Amino acid sequence: MRSQGRPGRGMIRALAMAALLLGAPAAHAASPGATVTGVLEIAGKQVPLPPGAWEVAATGEQPATAEQAPFGVVRSAILLLRDGERVRALLEVNANDIAVSGGWASPCGNDPLPPQRRLLYRSQYDAACAETGAVRPDSAGPPAWQETRTAIARAGLQLPETMLTAIALCADRQDFLEVRLHLREVPGADEAARQQALLDWATTYAALLDEGLSRRIGRLVLDWPGRAALLQDSPVLDRRLLRIEAMRASGAITPAEAAAQELAVVQEVPMSAVDPHPRITLWTQISYQLINFGTAYSVTRDVPLSVGIAASEYLAYSWLATANDARWADIESAVMPQPLPMPALQHLGTPVDNTGRSGLMALVP
Amino acid sequence: MRIVPLVVLLLVALAAGAARAQTGRVEEIGGKQVPLAEGAWIAAGDAAGRLEPAMPLGGYGIIRNQVLLRPSADGRGVAVMAEINVNELGVADGWGLAADCDPDFSAESGVLVRSGWDAACWFVATRDWDWTADMPPAWQQARTAAGRRGLALPDRTVTVGLRVANRRDVIDLRFHLAEAGDAAQREELAEWAAASLGLVAMGLTHGLPAGRALPGFDLGPAALARAGIVQERIVRLQALVAQGALTEEEARRQAAVIRAAAERELPWAYDPATVQGLRWFSMQTGLAATDAGLTYLWTEQSLQAAALTALQTGLRSVRTYLTNIVWTHVSNTATRSDAARVVDFAYGGRRPAAGDGQRPAP
């Protein structure tokens with residue numbers, strides 16, 4: 001959440017205003033061998049880059065799957081950032097090439113979400129989320145990663161054994177953009193603090209991807225995980241406030257309207273679709289059986305009879321839920337545009353948990 | 001023989017000129033691309049618009065309202081007026097459908113996407129114009145600009161409107177045609193709108209190729225099919241083949257999927273909240289019927305069965321209600337129903353007082 005009254009914020013805003021007035025940075029196309037700063041352009045979308053001169057190590061397409069939907073291909077790029085003879089960070093980007101019409105099915109996964117995944121918003125046709133983890137940058141991964149490994153070996157660069165990973169994903173009705181930032185190290189007192197800093201950064205970054213989907217990334221101050229909080233906690237929010245300030249200064253908006261708009265900008269949060277009718281879960285099933293048994297006993301005063309009623313209703317409910325879901329799945333596809341399944345993406349390396357063991361880290365199924 | 005190259009050059013120049021005349025234009029407004037229909041347009045009005053009725057939709061800065069005019073062939077009047085409303089800054093919580101997409105207000109309409117945050121709809125309707133009345137500032141400027149150029153403005157138009165919105169942005173694009181009116185022409189305009197809506201949606205995320213305009217209003221169905229969103233996607237598939245990113249076979253397969261999806265496109269989509277609600281109601285009805293049948297089989301007493309069914313249904317509803325309250329408090333994410341809302345702007349024309357296949361203005 002946005003903190004108020006932070007010392008030095010006025011100076012930061014002044015610097016940001018100066019940056020804004022300088023105009024949007026040039027977006028660099030993802031071509032192998034190029035060095036890019038600021039914003040990377042891929043598949044008609046924009047990806048904000050943490051500070052530094054990033055080298056585009058490899059570009060390519062995700063291997064096509066048999067059920068490839070009508071989005072052309074998934075474009076991939078892997079960028080690396082050097083720190084002397086070492087690889088300081090890797091940035092992995094995936095984006096669809098051709099827009100679709102009905103969005104993507106559960107791009108942030110299904111409930112219950114794992115604890116290290118944070119949902120910004122979710123509805124029938126859009127979603128944004130962030131996640132953290134760790135990865136062993138071994139030989140597993142898509143063709144672009146194999147090319148990157150070759151380039152790293154050729155340059156004699158050192159890859160760490162494991163890297164901390166921040167994942168951000170943003171999907172709307174037409175496109176998706178997924179970015180993974182793999183870092184050699186993240187500032188923090190312990191593993192929990194590092195993961196928290198990483199998750200906070202990934203959450204802010206996912207909001208930036210929202211702008212990248214519509215190619216609206218302008219000049220902004222984006223820092224590294226663990227350092228972002230020292231500068232500003234929401235570059236998107238600050239930029240919107242600065243734009244309103246610029247409108248007021250140009251006379252496009254009255255001071256009173258500007259004040260109201262600034263208040264609206266600070267107060268608004270992306271809302272998620274509420275599911276007012278929770279699906280059949282363990283809690284639903286248990287609570288239904290307790291209710292059925294309790295009510296049956298309160299009327300019949302007969303335990304065996306009540307157990308019989310509750311048990312037979314349990315079996316009938318299971319069948320009914322399955323039949324109802326199947327029927328409504330058909331109806332939904334007939335009355336609403338249906339999202340496409342998210343393409344199965346290959347990512348670099350092998351996910352590991354805190355102890356270095358292989359684990360699950362697959363924000364995109 | 002020297003004349004031959006000159007003739008060829010002349011023909012090439014004419015062809016190029018004709019192509020330019022058909023290119024139309026794409027307006028860059030509020031970080032979005034708004035494609036116009038083919039033709040030569042005159043920018044006539046550009047001012048802050050407003051939501052009508054006013055509603056809190058977040059910090060959008062201002063509503064940009066633009067009016068463009070396309071003169072008639074004889075240059076004495078206005079053939080088409082374009083009316084654009086877009087937000088300047090992206091918001092966090094979405095926009096909505098235009099009320100005119102409701103069939104109660106339009107002769108022809110279609111809602112392709114309807115949800116709490118996404119919208120895509122079109123309509124064809126009649127509009128009356130009172131040029132002496134108070135109008136939004138952009139229209140006042142347009143009225144002055146037309147007067148200065150000696151262009152007669154129409155009193156009644158057939159209006160074709162396109163609305164697309166996502167969580168961040170909205171484009172409301174309306175073309176008011178001075179000469180169109182019978183049912184056949186309206187059906188043609190409806191087909192035009194359905195083919196063009198996807199292109200406007202691409203502009204919402206700044207995804208249109210440079211210079212990509214909307215097709216002309218008078219294209220037949222065959223030409224429309226070559227000018228709409230389906231063809232745009234297929235052209236991109238071909239580009240991927242040319243780049244070597246996609247095999248020809250895969251491109252053909254994907255093109256077939258795109259065409260099939262377009263044919264299946266729903267003219268009238270329901271929103272997810274409505275479908276969820278109906279799904280829940282159908283499940284609850286089934287549960288109550290199951291309760292009644294099973295308790296009667298076990299007890300063989302209709303009174304006991306009825307009492308049990310009523311109790312079970314009531315308690316389950318209370319349980320669901322309480323679970324939702326707990327769920328809302330436990331969840332860190334702010335939520336609202338995935339139900340579409342209506343968001344409108346102050347427009348230039350007015351709905352006819354009555355008749356013409358439309359409900360009168362409220």
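Mentor: Let's start with a term: a residue is buried under 20% relative accessible area, exposed over 50%, and partly exposed in between (1.4 Å probe, protein chains only). What you have here is a predicted model, in which local features need pLDDT of at least 70 and side-chain atom pairs count only at pLDDT 80 or more, while totals for chains, interfaces and linings use all residues. Residues are numbered from 1 along each chain as its sequence is written, chains are lettered from A and ligands numbered from 1 in the order in which they are written, and side-chain values use heavy atoms, leaving out hydrogens and water.

Trainee: Is B:H206 buried or exposed?

Mentor: B:H206 counts as buried because its relative accessibility is 17%. Its backbone deserves a look too: phi of B:H206 is near 60°, a positive value in a residue other than glycine.

Trainee: What is the general rule for phi and for peptide bonds?

Mentor: Most residues other than glycine have a negative phi, and most peptide bonds are trans. B:H206 sits in the loop between α3 (183-204) and α4 (221-227) of chain B; helices (H or I, at least four residues) and strands (E, at least two) are DSSP runs, numbered from the N terminus. In chain A, A:R215 has a positive phi of about 55° although it is not a glycine. A:R215 is in the loop between α3 and α4 (228-231) of chain A, and at 26% relative accessibility it counts as partly exposed.

Trainee: Which peptide bond is cis?

Mentor: The bond from B:E52 to B:P53 is cis, with omega near 0°. You will find B:P53 in the loop between β3 (42-49) and β4 (63-71) of chain B.

Trainee: How many disulfides does the structure hold?

Mentor: A disulfide is a covalent bond between the sulfur atoms of two cysteines. Taking sulfur pairs within 2.5 Å, the structure holds two over all chains. In one, A:C108 and A:C129 have their sulfur atoms 2.0 Å apart, and the link is left-handed, with -95° about the S-S bond. A:C108 lies in the loop between β8 (104-105) and β9 of chain A and A:C129 in strand β10 (residues 127-136) of chain A, so the pair ties together parts that are 21 residues apart in sequence.

Trainee: And which cysteines of chain B form a disulfide?

Mentor: B:C101 and B:C121, with sulfur atoms 2.0 Å apart. This link is right-handed, with 70° about the S-S bond. B:C101 is in the loop between β5 (78-87) and β6 (108-114) of chain B and B:C121 in strand β7 (residues 119-128) of chain B, so the pair ties together parts 20 residues apart in sequence. A:C170, by contrast, is in no disulfide; the nearest cysteine sulfur, that of A:C108, is 8.4 Å away.

Trainee: How many residues does the contact take from chain A and from chain B?

Mentor: With contact meaning heavy atoms within 4.5 Å, the contact takes 80 residues from chain A and 82 residues from chain B. A:R216, A:M271 and A:W328 supply 9% of the area that chain A buries against chain B, more than any other three residues; buried area is the accessible area (1.4 Å probe) that two parts lose on being put together, summed over both.

Trainee: How many salt bridges cross the interface of chain A and chain B?

Mentor: The rule (a side-chain nitrogen of Lys or Arg within 4 Å of a carboxyl oxygen of Asp or Glu) finds eight. One of them joins the side chains of B:D169 and A:R216 (2.5 Å, N to O).
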